[in-house]
Amino acid sequence: MFDGQNIQLTRFDGGIVELCFNAKQDAINKLDTQTVTEFRQVTEILSAVSGIKGVLITSAKDVFIVGADIKGFDRIFKQTAEEIAADVLKKNDIFVAFDDLPFPSVVAINGFALGGGLELALSASYRVMSTAAQVGLPEVKLGLFPGFGGTVRMCRIAGPAVATDWVVSGKPAKGPAALAAGVVDELCEPTELRARALAVLEEAMSGQRDWRAVQRRKQAPVALQDDELKGIFDAAHLKAQGLAAAHQPAASIAVEMMAQASRVDRSQALALEAQAFGRVAKTQAASSLVQLFLNDQIVKKRGRQFTGQARPVKQLGVLGAGIMGGGIAYVNALRGTPVVLKDISPAQLDLGLTEASKLLAKQVKAGRLTQSAADQVQAAIQPRLNDEGLGQVDMVIEAIIERLEIKQQVLKTLEGVVRPDTVIASNTSSLRIDDIASALQRPENLVGMHFFNPVPAMPLVEIVKGSRSSNEAVATAVAQAVAMGKTPIVVQDCPGFLVNRLITPYVAGFLQLIADGADFEEVDKVMEAFGWPMGPAYLQDVVGMDTSVHVAEVIAAGYPERMKPVAANAVRLLVDHKRYGQKSGSGFYQYVAGEGGRLQKQHAPEAHALLAAIQPSGGRRFEASEVEDRMMLPLIVEAAHALEEGVVETPAELDTAMLLGLGFPAYLGGPLKYADWLGLTEVVARCDRYAHLGPAYQATPRMREMARDGARYHGR
Ligand SMILES: NC(=O)c1ccc[n+]([C@@H]2O[C@H](COP(=O)([O-])OP(=O)(O)OC[C@H]3O[C@@H](n4cnc5c(N)ncnc54)[C@H](O)[C@@H]3O)[C@@H](O)[C@H]2O)c1
C-alpha cells in the first residue's frame, strides 16, 4: 500500500493493515522529518482507503522508535517561540488524525519507544509491550518536554499523576512498571509480541474492547474532579522544583501547562502544550542540554577513533596505593582488569586495600554485586611491596608523589622492570609529560592520565599526549579509560592540561574580587545562584588550599603573559594562618561534623577579619552581574586560548571536560557554549568593559574575528 524510506504499509486479509517502521538507510528508527512526513502520508492513506478494520503498528528494527532526531533540533531552535509552537501544532495534526481513525489500532512495542516514539504509540488505541522493551519520555534531560501531544495523551491514558511523574523524571520504564502505570495495556514475551498485539486488535475489531471509549477519553478533558487535579498537580509541582537543577525550568513549565491542559479538551490542550513547548525550546537550558547530548556523541566517536590502535591491557600495574592509586586500582579490578598494586609503604598498601574493600562492601549492600563477585574483585588486586608481577603487565598507571625528580627516577627504574612495549601513564596533576619523559629511555611509551578525585565517582580522565607520546600509547590510555567506564578526553601537554588550566584564571578572578573589597560569602552566593554546585571560596576549602595555591602557581607560571600572580592573595593568606580548608577544619569557612559525619560549613568571623587586611580600600558590594562576569570571562578567554592552541581538537571535547571534571553548570553547556549563548559580540564587549583588570580579560584576536563574522563555537 505504501513503501516509504522509513515506513511501509501492508494490507492483509480481514481488513487488517500493518504499519511497519523500518528505516531502510539506518540501523534504528527515529522520528525525524522524513518519518513524520511519511507518517502523515500513511495516515492519509488509512483514512481514505475503504475496508480497513484495524491497524497493527510494528517495527522491523531492534528498537521501536528511539525518539526525535536530535541533530534536527538545530533548525527548530533558530525559530521564534511562536514559530516553534505553530510548527509542532501542525505536526500534531497528524497524531490527532491517527487518534481519530475510524477503526482501532494497536502498537507492538518491541524495543525502545522513547520521547516521540512513545508519543506516537500513545496516539494508537492500545499498546502491547515486549518484556525486552523500555518506554519513557526523557525530553526533560534535554531541557524540554514532549511536544507531539505526549503530555496531553499521557494525562488522559495513564492519568495526570503518572503523566507528570514520567515527564518530570524523564526516567524510562521497563514492562512491569509501564503496565502498572497504565501506559501500556499488555505485556508479553518478545516471541509472543506480534500474536498478542494481533489478538488485542481483533478483540477491539470484534467489539470485545471498547476502543471508541478510549478514543473519546483522549478527546475530552481529564475525567477527574477539580480538587483531585489540584492535589495531583500541586504535588507534581513540588517534585519538579525539587528535582530540577538550577536554571532548568522545563519540568516546572510542563507541570504548570499540564495542570491547565487537563481541564480543557484535546484541541485546546494541544495548543497549550505547543505554546509552552515553544517557550521552553527557547530557554538557555534547552539549547545547552541539547548541545551536551550532541557533544557526547562527538566525544564517544573521537574515543572510538583512538581505540583501534590500542594495545590490549589484560593486566595492569598501579604504582602508589594512596588516594588516587587506590581508587584507580579498585575501578580497574571492578571493571575486569586485574591489577598489581605497588606501594613502598606497607601502611599505605593496607590503606588502599581497606578502601577497596569498603567500596566493595557498599556495592554488595546496595545489591549491585554479590559477595562472591566482590571477593573476586578484591582478589584481582594483588598488593606488592616490590616489583614482582610488573614484568607481565601491559600498562602501568603511576600515582605516586607529585615531585618531578621522584617521578622521573621511579619511572626510569620501572622501564628496566616492565616489557619494552608496556605503556606507562602518569597521573600527574601539574607536571609536564615531556619533562617526565625527558628522563626515560622509551619516552614514546609515556602518556598522562589525569584522573579526578574521588576516582570511582568522577567520570573524566584527561589523556595527555606528550610531544613524544606514540599514538599507540595514547590509544591504549584512551581504551583503558573507557574500560574503566570513564570518559577520556585527549589533551596536549601544557601546564594544567585543560580543566585545571581553565579554572586557574577563574580563581584568580575570585582573588581579585576579594582584593577589591568583595565579601567571599557574597561571591559564593552569587556563583551558586548562577548555577555552580559550590562557590569559589567553598571550592577552595574542599580542594584544600595548600594544594590549590601550589597548583595555581605552577600553572600560572606557564602562562606569564596572562596569569599574573594576584598581589593580595586571600588563599595564600589563609594558608599562612594554617587555614587549609575542610581538611584542617577551617578555611574561608569553618567546619563541624554534622549528621552521619558529613562536614557542615559555617560562617567563620576570623576568616573575614583576616581578609580585611588585604582589602586596603575596605569592603564594598558588587552587583551580581559584575561578580559573574569577573569570574566567568577569564575562564571563557582561557578556553578560547586552549582551543586555538589545539589543546583539545573540538569545542565539544572542551565543554564536556569542563562539565565532567568540574561540575560546570549544565544549563550553560560549558564555557564555549556559554560564549555562544551570549554571542561573541557580547562576550568581546564585556571583556573590553573589564580590560582594566588585566590580560586575562583580553579577548583573543580570533574571538574578535568570530564576533565580527557572527560565528559560533558550536556551529549554530
Ligand atoms: N589527590 C588528588 O586530588 C589528585 C588528583 C589528580 C591527580 N593527583 C596526582 O596523583 C598522584 C598521587 O596523588 P595522591 O593524592 O594519591 O597522593 P598520596 O600521597 O595519597 O599517595 C601517593 C602514594 O604513593 C606512594 N609512593 C611513593 N613513592 C612510591 C614508589 N616509588 N613506588 C610506589 N609507591 C610510592 C606513597 O607511599 C603513597 O601511598 C600525584 O601525582 C598527584 O598530583 C592527585
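**Ligand shell, core and sheet**

The shell around the ligand divides into 10 nonpolar, 9 polar and 3 charged residues (nonpolar: Ala, Val, Leu, Ile, Met, Phe, Trp, Tyr, Cys and Pro; charged: Asp, Glu, Lys and Arg; polar: the others, Gly among them). The model is predicted: local features need pLDDT of at least 70, side-chain atom pairs count only at pLDDT 80 or more, and totals for chains, interfaces and linings use all residues. Residues are numbered from 1 along each chain as its sequence is written.

Of the 22 residues around the ligand, Gly320, Gly322, Met324, Gln348 and Asn453 come nearest (near: C-beta atom, placed from the backbone, within 6 Å). Helix α14 (residues 323–334) gives the largest share of the shell, 3 residues. Helices (H or I, at least four residues) and strands (E, at least two) are DSSP runs, numbered from the N terminus.

An open sheet is formed by 8 strands, in the order β13-β12-β11-β14-β15-β16-β17-β18. Its pairing is mixed (strands pair if DSSP finds at least two bridges between them). β13 (381–384) and β18 (487–492) stand at the edges with a single partner strand each, so one side of each lacks a neighbour in the sheet. Strands β16 (residues 446–451) and β17 (residues 460–465) pair in the antiparallel sense over 4 bridges. Met449 has Ile463 in β17 as its bridge partner.

Ile463 also belongs to the largest nonpolar core, which has 227 residues (buried Ala, Val, Leu, Ile, Met, Phe, Trp, Tyr and Cys joined through C-beta atoms within 7 Å; buried: 20 or more other C-beta atoms within 10 Å of the residue's own, all placed from the backbone). Val106, Ile109, Val447 and Ile463 have the most contacts inside this core. Its largest share, 11 residues, comes from helix α26 (residues 624–644).

How values were computed:
Buried ≥ 20, exposed ≤ 12 C-beta atoms within 10 Å, placed from the backbone.
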